[in-house]
Amino acid sequence: MCESPWSPCCTAHFLMDSSNEEALDIIVTNVVATFRTRCHLNLRTIALEGTNVIYKPEVGKVLMKLRKPKITASIWSSGKIICTGATSEDEAKLGARRLARCLQKLGFKVRFSAFRVVNVLAVCSMPFAVHLIDFTKNNRPIASYEPELHPAATYRIKTLKATIQVFSTGSVTVTGPNVQNVATAVEQVYPLLFECQKPLCK
Amino acid sequence: MSPRVCRTCGGSNIDVDQARGSAVCTSCGSVLEDNIIVSEVQFVEGSGGVSSAVGQFVSADGPVKAPLLGSGFHTGVGKESRAQTLQSGKRQIQQLGSQLQLNQHCLDTAFNFFKMVVSKHLTRGRKTEHVIAACLYLVCRTEGTPHMLLDLSDLLQVNVYILGKTFLLLARELCINAPAIDPCLYIPRFAHMLEFGVQTHEVSMTALRLVQRMKRDWMHTGRRPSGLCGAALLVAARMHKFRRTVKDVISVVKVCQATLRKRLTEFEDTPTSQLTIDEFMRVDLEQECDPPSFTAAQHKVKMQQLEHELARKLDEVEGEISCYKDEIETELEKSRPKLRGIYAAYAKEIDPEDVDVLSSTSEPKEPAVEDMELPHQLTQDFLCQVIQEEEGRGVLMNDGKRGTVPESKGARTHHQVAPLADILGKLPSTASRELQQTFTISETDGQSASGELDLDGISDQEIDKYILNEKEVQVKTELWIKQNAEYLKEQKEREDRIQKEKEQGTYKEKKKKKKCKKREQIEALTAGEAIEKMLEKKKISTKINYDVLRDLNSRGTGSGGGSSPSRASSDPLDPNSTTRKPLNRHRRRKTREANQGLAVNASIMGKRFRRLISSTPKKKKTASEVENSVTMATEPTTTANDPISDPEAMAPPTVVEEEEEEEDDLDVEEDCVSALQLIEDYGCDAEEEEVF
């Protein structure tokens with residue numbers, strides 16, 4: 001993956017339709033994944049013998065943070081673990097495996113199974129501002145905009161199971177089940193946004 | 001309808017007299033209509049000379065029941081649950097709507113929305129008041145009334161975002177596209193609240209202009225409309241020489257001071273702010289601005305760029321400085337006295353050892369070795385030797401002593417204390433390669449399926465940093481116990497309590513919530529059968545004409561023996577059929593307990609069988625249920641004693657056993673009555689003789 005000067009963790013370059021020669025940078029900022037260790041974990045042991053752990057007995061989980069890759073994991077005693085904070089799917093897998101290895105060393109019979117990426121969050125910036133009210137009007141009922149509740153217009157694509165939030169400045173955040181879906185969602189929504197754009201006067 | 005043409009003479013001149021209620025043809029004089037129904041309101045004089053209109057209020061919805069004046073307590077009975085829901089919903093809507101001062105038309109529309117919501121089962125799992133508030137807000141939005149979601153949340157004392165979530169969901173499900181909020185809608189309302197007296201209208205107009213200007217300057221997208229209104233009203237008030245402070249405005253508009261100030265500063269940044277009052281009223285600038293957040297972002301980017309440039313420039317300067325620094329240092333080195341004697345030897349010793357180390361490990365290791373790693377390896381090698389001498393561990397692999405430690409470590413996963421060698425760690429490359437070797441040899445493919453951990457790319461060195469050693473564990477344990485003393489105490493108390501209760505025998509396990517079972521699909525061969533099955537499963541409403549149904553079903557005798565109502569009816573007739581023995585035994589056992597009226601028995605039997613047949617959860621026993629059971633029993637006795645298949649008989653006994661405890665007080669008499677007799681006895685007693 002090539003890098004652009006201002007986005008060090010860019011993961012995708014997409015050439016939009018011919019009307020736009022520049023490429024849009026889609027930066028994946030968060031990947032959430034879950035996996036199972038197939039064994040019961042004693043949270044107290046983990047809490048007492050690990051560094052970088054926070055034990056929350058009321059909720060019944062342990063938060064463990066890894067430095068590299070920068071990942072926060074919620075560990076439950078049933079053996080289910082949720083990993084958040086990775087910047088790519090591979091990184092999430094690596095971090096998960098590292099975590100499992102750490103637990104293995106603490107003495108649990110850890111097996112790494114059912115690894116699944118649950119959610120991917122990406123950010124993208126359009127080179128133009130968007131008129132949210134027009135955008136919502138054109139795309140009812142898929143799009144919804146409630147300024148009292150949230151400053152962005154929400155656009156949900158059922159087929160891709162992706163949600164896109166469009167801000168009036170042109171920045172767009174996309175959440176979806178995997179990176180490919182996210183990219184497709186941006187491609188789908190781009191022409192709609194292009195219609196309701198507001199050229200920036202500089 | 002008044003006739004336009006006379007029947008006798010064909011004349012169209014017809015005189016309709018409302019008072020007499022007659023229509024007469026003026027040409028031939030024949031009376032065309034007599035006693036015309038007139039829709040007029042009549043008045044009656046009551047006691048004390050008070051005249052009141054004649055008539056009754058009829059509710060627009062719900063079952064058409066004559067209002068019971070005397071026996072009020074029975075008004076709830078006989079209504080379906082759905083009607084009750086709608087009724088209570090309507091009441092709540094009226095209550096909430098009147099607080100918001102909505103007119104009747106809006107309230108009716110809100111009630112229609114509510115009906116739609118209930119029919120789509122969207123009320124499940126949501127608080128009714130949330131749903132009602134969302135319906136009301138939906139109406140407000142479609143009608144364009146100046147009500148905010150904040151008002152509703154104020155009244156209900158509920159978080160705005162929760163209400164908003166419900167509202168969004170309802171709007172999506174009902175496919176209602178509410179038009180976007182326009183801040184202009186709120187201006188008159190807020191202006192009124194700010195009490196400008198006679199000049200309210202003018203101030204509102206000015207504020208409206210301001211808001212429109214703000215819209216064109218892109219200040220309103222993504223912002224709460226109330227904030228903009230507040231800023232506009234503040235400026236407008238000042239323009240008309242009213243002294244309204246920020247505090248007054250925010251108390252009316254419900255935003256905080258910071259927001260208001262921000263809006264004002266943003267407006268200040270637009271070119272319109274430079275105009276004088278008169279100019280503003282007259283002129284409208286063509287130019288539009290960018291959204292303020294965008295300009296802020298641009299500003300940030302610019303600052304970052306500047307910083308980068310500065311940093312670069314600094315680098316250049318630093319480069320020069322470091323050059324000088326190096327030169328100075330080399331000079332100093334030269335002038336420093338050299339180590340002599342043992343120190344020199346010591347300094348030299350390290351080098352040959354390093355060379356040895358290098359040569360021995362040159363094969364497995366990559367040639368690129370950083371200087372920093374060397375002392376690590378040195379001590380490590382040394383320590384490895386020490387450890388292995390102590391523990392007398394055999395060499396498992398011939399890759400070198402280096403290889404054994406991680407491999408054996410990996411093989412024994414239960415090892416509690418990490419050996420020193422592991423703590424010091426290995427080079428990532430060697431570790432991973434060796435581990436890879438071991439794991440590819442020992443493991444089969446399909447790692448993810450077996451659940452084994454693929455350690456590719458994971459360095460043990462790092463992992464071990466995450467694990468504390470014993471002393472640290474002790475310290476942490478103490479700290480943790482001290483910190484969470486309360487929680488631990490609570491847990492202990494809970495345990496003690498449970499223990500005590502267990503000893504006493506009064507320990508009750510928390511009952512898990514019963515999941516509501518899904519309704520089964522009705523499979524039927526004919527329409528008649530389907531109706532029968534539906535009747536059993538569903539509560540019977542008062543709107544069905546049983547006579548007609550009976551006639552329908554009498555035609556459908558051919559429906560198979562699998563139809564359960566026939567079973568129900570044939571059971572009272574055939575207690576001695578062999579396939580039903582186990583059931584009968586149950587029943588006989590219970591009959592010895594008490595005696596009750598026939599009608600009750602019929603209802604119980606019917607109810608019992610209904611429960612046997614369907615697996616729906618036990619519902620509240622209401623009169624309707626009793627009716628239902630009787631209707632089943634009234635299934636035509638003409639249905640022959642169909643042979644009842646064994647599996648069906650088997651199923652009910654087990655079901656009966658389950659539900660025995662629930663039905664301990666139900667009694668059944670052994671004498672079986674024909675279905676028709678049951679109907680005759682039923683009459684109107686069933687309503688009172690409810691069984692619990």
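Q: Why is B:Tyr324 called exposed?
A: Its relative accessibility is 54%, and exposed means over 50% relative accessible area (buried is under 20%, partly exposed in between; 1.4 Å probe, protein chains only), so B:Tyr324 counts as exposed. You'll find B:Tyr324 in helix 12 (residues 292-335) of chain B; helices are DSSP runs of H or I with at least four residues, and strands are runs of E with at least two, numbered from the N terminus.

A quick note on the basis: this is a predicted model, where local features need pLDDT of at least 70, side-chain atom pairs count only at pLDDT 80 or more, and totals for chains, interfaces and linings use all residues. Residues are numbered from 1 along each chain as its sequence is written, chains are lettered from A and ligands numbered from 1 in the order in which they are written, and side-chain values use heavy atoms, leaving out hydrogens and water.

Q: What makes A:Arg116 exposed?
A: A:Arg116 has 53% relative accessibility, so it counts as exposed. A:Arg116 belongs to strand 7 (residues 113-125) of chain A.

Q: Which residues does A:Arg116 touch, not counting those up to four places away in sequence?
A: They're A:Val32, A:Ala33 and A:Thr34, with contact meaning heavy atoms within 4.5 Å. A:Thr34 is 82 residues from A:Arg116 in sequence, yet their C-alpha atoms are 5.5 Å apart.

Q: What makes strand 1 and strand 2 of chain B a pair?
A: Pairing takes at least two bridges found by DSSP. Strand 1 (residues 14-17) and strand 2 (residues 22-25) have 4 and run antiparallel, with B:Ile14 opposite B:Cys25.
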